[in-house]
Amino acid sequence: MRQQEPPVAVVEAARGGEAQGAPSGRPQIEVQGVSRWFKGGQVHALDRITFDVAAGEFVSVVGPSGCGKTTLLRVIDGLIKPDAGRVLIAGHPPVPGPQMGFVFQQARLLPWRTVRANVEFPLFVQGVPADERRERAMNVLATVGLQAFANAYPHELSGGMQQRVGLARAFAVDPAVLLMDEPFGALDAMTRQFMRLELLRLWARLRTAVVFVTHDIDEAILLSNRIVVLRPRPGQVDEIVRVDLPEDRWEGDVEGLQRFRELHDHLWHRIRSMVGQSAEWATSAQGGGGRGGEPAPGDVRPGPGGS
Amino acid sequence: MVIEVVGEAEPSTSRSAEREGVGERRSRVRRRTRERFVVLAGQLLVIGLLVLAMQLVNANFGGLTMPAPGSVLRQLGHLVRDGVLGRALAETLTVFGIGYGVSLASGVLLGMVVGGFRTIGRIWEPFINALNATPRVAFIPLIIVWFGLFVESKVIVAWLSAFVPILINTADGIQNADQDLIEMAKALGTPRRTLFWRVLVPAALPSILTGVRVGAALAILGTIVAELYTAQAGLGGLLAEAGNTFQMAEYFAVVIVLAALGTAVSALLRMLERRFAAWRVDWREGS
């Protein structure tokens, strides 16, 4: 709040570009000028956030901690209301419910329910009859390779398996929108790789509109059609980058591609410059480093898609 | 390519984990058996030391200070054969059973109301804490005036002893249910009623069961205290009678029965807890 508010720097690189699977023309998720304060106006979490997600599009949100990524997801879900602006899901205000899949950093499984009963829980909330519930839960569990663990309890599973159950629970209801809050952040590197593949497989089949929050730049590039970069305090859209890598990028060695490195360097540079800007970080950073490419507030940098 | 390697690694690691699991399980069972044996032996040793100490004090200071373990056992035998102990035990268990049963129902029910409705909870909190901080014995004169000296007043004392901790534990369990799970359920659009019965109450179950177990011990205590302070009856009555007439062997015999009763009820409830909240016990002991 004490900073002067820079004008929102948005580079809509994907504008005019063909967003896959958007037949109706209307985006599945519209975030329009969303602002949100906390603690009676003391903390400005989100400042006029605007972006769209087309039906079947995978959009990642990256940014340093404190940029309101989690708050943004909760606003999109309808768990909290924005103080200004609005969110539309298929043209309607969001209502928390089974049409909105939500995957959290921790799997958040009910410890007293078996794996199957956990996957059934959203269907139960929806009022789906018991035998259909069971059948659908088993089908989703099969797609994440966990049908053998249907009767196990969450504490009997590894962290990666628990998160797969979390994914299965989100996909059990065929959500129109999938919101993911650093879902693989708590997993070890190898499991994380495997989970990304798993997620892409599920997404490729169901083509749900996804908003994927992460602080891992490589992950964002690997998974997304577009990346929304947020800057912190208050959380603002810094730029929106289109990831122009082949669709089936997980088939080959993407991380070795020249384009991948360019995107990575660009994003990393942006985020590092934000961290350098913050007084709080500048004092704690060793040797006062990280200030290298400090841009003037409001500096509009063309996204790699346009360069 | 990277992903392919990871994909292959997954099943093989889980298979080796399984193989490891069998051996580990066997050694863990062995370790547990050994531990159980050590615990039991230790407990027998403590009993042995107590008996020895009794014997020594008896030999040096006489039967009034400390009865000989042998005469305590003989007295216990007499009490059993006369049917005195059986009758007293039946009286005590009746009072305990009714008082504890009513406190379970009322404590859990009101605890759910207090824990589930924020405003109601906030209104009642100071009064519940005041009641909790007051020794239940303080109410006995009033209870005698209101309900007399017999079974009714004893049941009320037993109920009052267990009711408060059961209520507090139930309410606490619901109020402190895992916020992450609540948010998850809300994100799924779970209606309030479903949220309460399917998330809050199961999440509170461990805390509720703790209240139930603590309540049982306090209900026994309340029953005995009531039997001492109102018309003497049951095991508390026997205790008072023996104590007041300095029949120390009989007195100790009754104390042993009381201790055994408390231990048995606790053990029974722990068993029930394991059965009905297995996920919690496993989760604590496993991994």
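Modeller: Helices are DSSP runs of H or I with at least four residues, and strands are runs of E with at least two. The model discussed here is predicted.

Colleague: What does the secondary structure of chain B come to?

Modeller: Under that definition, chain B has 11 helices and zero strands. Read from the N terminus, its elements run α-α-α-α-α-α-α-α-α-α-α.

Colleague: Why are helix 6 and helix 8 of chain B called roughly antiparallel?

Modeller: The axes of helix 6 (residues 151-175) and helix 8 (residues 192-229) of chain B cross at roughly 160°. Angles over 145 degrees count as roughly antiparallel, and helix 6 of chain B and helix 8 of chain B are therefore described in that way. Their axes come within 7 Å, and the crossing is right-handed.

Colleague: What makes up the contact of helix 6 with helix 8 of chain B, by class?

Modeller: The contact has 21 nonpolar, 11 polar and three charged residues.

Colleague: How many of the residues in chain B are buried?

Modeller: A residue is buried if 20 or more other C-beta atoms lie within 10 Å of its own. By this criterion, buried residues make up 31% of the 287 residues in chain B.

Colleague: What is the mean pLDDT of chain A, and where does pLDDT stay under 50?

Modeller: The pLDDT is the predictor's confidence in each residue, from 0 to 100. For chain A the mean is 76, and 79% of the residues reach 70 or more. The pLDDT stays under 50 over residues 1-23 of chain A, and it is also below 50 over residues 279-307 of chain A.

Conventions. Residues numbered from 1 in each chain as written. Chains lettered and ligands numbered in written order. Predicted model: local features only at pLDDT ≥ 70, side-chain atom pairs only at ≥ 80, totals over all residues. Buried ≥ 20, exposed ≤ 12 C-beta atoms within 10 Å, placed from the backbone. Axes fitted to C-alpha atoms, helices over the stretch in contact; angles between N-to-C directions. Parallel < 35°, antiparallel > 145°, perpendicular 65-115°, else oblique. Left-handed = near helix turned anticlockwise from the far one by under 90°. Nonpolar A, V, L, I, M, F, W, Y, C, P; charged D, E, K, R; others polar. Contact = placed C-beta atoms within 7 Å.
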